[in-house]
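Visitor: I would like to learn how to read a protein model, one feature at a time. Please show me the case and then take me through it.

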Amino acid sequence: MKFVAFERSLQGTGASRRLRITGRVPGIVFGAGEPATIELDHNALWHALKKEAFHSSILDMELAGKESKVLLRDVQMHPWKQQILHVDFQRVDNTTKITKKVPLHFVNEAESVAVKTDKCTVSHVMTEVQITCLAIELPEFIEVDLSGLTKGHSVHVNDLKLPNGVKVVTHGKPNPVIASPVEPKAEEVIVAAAPAAAPAKGGKKKK
């Protein structure tokens, strides 16, 4: 994805506040050289942030007529307004090693034995994983094939088919669960108690 940034000369809280009033977002680009202060169009950035690829892929940033490869690192939002307050990018090249969270895309869930035959639902225990790799090898997402999922068995991190050069960071957990089938709950059958028999008409009362 490509976006356009503009050089920003004025810094400080007051300057950033005035910049936001004009519909711009202050930001910074760090790594691979001197940090650069930038500004971006708020509406263009707002729509870009809605796209998954903007968060998990290498971006082409045009700044002062030059293009460079960057990675989105942080976005600060207003506590209650739909407003972006600040954004951080990192410059990367072919030798830059990064650690980044990427989304998981689940496929073939409905075709699995667990869902199709055993009527299970699938709990997506994790929707993203943290990986480490060279910047040029960063995948936009990792696909999780659930076609072989069966009742009583889960999909773990070690089951993922990772691109070359990509490793999952598990933070000490040996093999975390990615997705797990959940068996359907047995339906409860409520049987109403039979009404007490009424006494026969005309019957004699016992003394």
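Visitor: Is C120 buried or exposed?

Guide: This is a predicted model, and burial is judged by relative accessible area, where buried means under 20%. C120 has a relative accessibility of 5%, so C120 counts as buried.

Visitor: How many disulfides are there?

Guide: A disulfide needs a pair of cysteine sulfur atoms within 2.5 Å. By this rule the count is zero disulfides.

Visitor: Where does C133 lie, and what does C133 touch?

Guide: C133 is part of strand β9. C133 has a relative accessible area of 1%, so C133 is buried. Leaving aside residues up to four places away in sequence, C133 touches T96, K97, I98, L138, G165 and V166. Distance along the chain is another thing to read here. C133 and K100 are 33 residues apart along the chain, and their C-alpha atoms are separated by 8.5 Å.

Visitor: How do I read a sheet?

Guide: Strands of a sheet pair through backbone hydrogen bonds, and the pairing is either parallel or antiparallel. In this model, four strands form an open sheet, in the order β10-β7-β9-β12, with mixed pairing. β10 and β12 (167–168) are the edge strands, each pairing on one side only.

Visitor: How many bridges join β7 and β9, and in which sense do they pair?

Guide: Seven bridges join β7 and β9, and the sense is antiparallel.

Visitor: Which residues of the largest nonpolar core touch the most other members?

Guide: The largest one here has 25 residues, and V129, I131, V144 and I178 touch the most other members. Two or more residues each come from β7 (97–107), β9 (128–134), β10 (142–145) and β13 (177–182). The strand that gives the most to this core is β7, with four residues.

Visitor: What does V144 touch?

Guide: Not counting residues up to four places away in sequence, V144 touches L104, H105, F106, V107, V155, L160 and I178. Another core lies apart from the largest one; this other core has 18 residues, including V25, V29, I38 and F54.

Visitor: How many residues of strand β3 are buried?

Guide: Five of the six residues of β3 (residues 36–41) are buried, which leaves the strand mostly covered.

Visitor: Which strands are joined to β3?

Guide: Strand β1 (residues 2–7) is joined to β3 by two bridges, and the two run antiparallel. Within this pairing, F6 stands opposite E39 in β3. Strand β2 (residues 24–30) also runs antiparallel to β3, with six bridges between them. There, R24 stands opposite D41 in β3.

Visitor: What is found between β2 and β3 in their hairpin?

Guide: The hairpin of β2 and β3 has five residues between the strands, and G31 takes a positive phi near 90°.

Visitor: How many salt bridges does the model have?

Guide: A salt bridge needs a side-chain nitrogen of Lys or Arg within 4 Å of a carboxyl oxygen of Asp or Glu. The count by this rule is six salt bridges. One of them joins the side chains of E39 and R24, at 3.0 Å from N to O. E39 is in strand β3 and R24 is in strand β2, so this pair ties together parts that are 15 residues apart in sequence.

Visitor: Which residues are linked with K2 in a network of salt bridges?

Guide: The network links K2, E62 and E67. The side chains of E62 and K2 meet at 3.5 Å, N to O. In the salt bridge of E67 with K2, the closest N and O atoms are 2.8 Å apart. This pair also links distant parts of the chain, with E67 in strand β5 (residues 66–77) and K2 in strand β1, 65 residues apart.

Visitor: How accessible are E62 and K2?

Guide: E62 has 27% relative accessibility, so E62 counts as partly exposed. K2 is at 51%, and therefore counts as exposed.

Key
Residues numbered from 1 in each chain as written. Predicted model: local features only at pLDDT ≥ 70, side-chain atom pairs only at ≥ 80, totals over all residues. Heavy atoms only, no water. Core = buried A, V, L, I, M, F, W, Y, C linked by side-chain atoms within 4.5 Å. Buried < 20%, exposed > 50% of the residue type's maximum accessible area, 1.4 Å probe, protein only. Contact = heavy atoms within 4.5 Å. Pairing = 2+ DSSP bridges.
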